[in-house]
Amino acid sequence: MKQPLPDKAGRTYFVADLHLTDERPAATGRFFRFLHEEVAGSDGLYILGDLFEAWVGDDHDEQVARDTAIQLKALASAGTPVYFMHGNRDFMLASRYAEASGMRLIADPTRIDLYGTPTLLMHGDTLCVDDLAYQRFRRKLRHPFTLALLRMLPFGLRNKLAKQARSGSESAKAGKSAEIMDVNVGEVVRVLREQQACRLIHGHTHRPQQHVHTVDGRDCERWVVPDWYARWGYVVCDAGGCTLRVADL
């Protein structure tokens, strides 16, 4: 007999930077348990980018991609909405995989009413405006012409280019200060003001923490969700506010 889902209505979950890959089965297993033990029966799950370590197209051939689609589809089919925002590692994830996974694609940024609080959702990389080289690279890579060209390339070539890009990214980060790769507080304030939001939830920086920023005399929250390398975690929100949870993987 099928067990009923736990009733967790009134809660919404946020994750990012899981970087799932066949090479890290512990993170994959933890994610699937999280879906069953925590998320099932809730008001929704928002994946704020970098669900996968790399994504070169919806013909991605890792087993983790197929298994994740099955798990997310089951969650969505049982009544828990799943939303996906592109990150810097999986920006080529498109409608075919989203449909197979039961995910709804959302833009970066997206503003939602979260239990009465105007809340802005972002991946977070566009907030790191001090990293000028990365922002230039991002603009070129995410241009519609570049995306269309990349999708026309054979899978093997796309995969090779993705590996080269990751290698180059790691080399570039080694020469940058931690401050440059973090968000710019002035940009955070600007975006919150522009979007008329008083809460921001994002990933990308791998620096889980709650921050408070003053915007036009009002205190606004910023929640940074954790990565899933040596640890795992999420932000969960209800009508009373948000909580950050982090644990060893």
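1. How do the residues lining the second largest pocket divide into nonpolar, polar and charged? The lining holds 3 nonpolar, 3 polar and 7 charged residues. Here Ala, Val, Leu, Ile, Met, Phe, Trp, Tyr, Cys and Pro count as nonpolar, Asp, Glu, Lys and Arg as charged, and the others, Gly among them, as polar.

2. A word on the basis of this note. This is a predicted model: local features need pLDDT of at least 70, side-chain atom pairs count only at pLDDT 80 or more, and totals for chains, interfaces and linings use all residues. Residues are numbered from 1 along each chain as its sequence is written, and side-chain values use heavy atoms, with hydrogens and water left out.

3. Back to the pocket. The second largest pocket has a volume of about 260 Å³. Its lining has 13 residues, and T21, A54, E62, K163 and R166 lie nearest the centre. A pocket is an open set of points on a 1 Å grid over the protein atoms alone, where a 1.4 Å probe fits, with protein on both sides within 12 Å along at least five of seven lines; lining residues have an atom within 4 Å of a point. Grid points are joined across faces, edges and corners, and a volume is the space filled by probe spheres set on the points.

4. Helices (H or I, at least four residues) and strands (E, at least two) are DSSP runs, numbered from the N terminus. Two strands pair if DSSP finds at least two bridges between them.

5. Strand 10 deserves a look. Strand 1 (residues 8-15) and strand 10 (residues 231-238) run antiparallel and are joined by 3 bridges. T12 stands opposite C237 in strand 10. On to strand 11: strand 10 pairs with it in the antiparallel sense over 8 bridges. R231 stands opposite D248 in strand 11. The link from strand 10 to strand 11 is a hairpin through 2 residues. Buried means under 20% relative accessible area, exposed over 50%, and partly exposed in between (1.4 Å probe, protein chains only).

6. R30 has its place in helix 1. Is R30 buried or exposed? R30 counts as buried, because its relative accessibility is 14%. Beyond its neighbours within four places in sequence, R30 is in contact (heavy atoms within 4.5 Å) with E37, W228, W232 and L249. The C-alpha atoms of R30 and G233 are separated by 9.8 Å, although the two residues are 203 apart along the chain.

7. Strand 8 and strand 9 (residues 218-224) run antiparallel and are joined by 7 bridges. H211 stands opposite R222 in strand 9.

8. Some backbone points to check in the loops. A cis peptide bond joins D108 and P109, with omega about 5°. P109 lies in the loop between strand 4 and strand 5. H204 lies in the loop between strand 7 and strand 8. Phi of H204 is near 80°, a positive value in a residue other than glycine. H206 also lies in the loop between strand 7 and strand 8, and its phi is near 60°, again positive in a residue other than glycine. H204 counts as buried, at 19% relative accessibility. H206 is partly exposed, with a relative accessible area of 25%.
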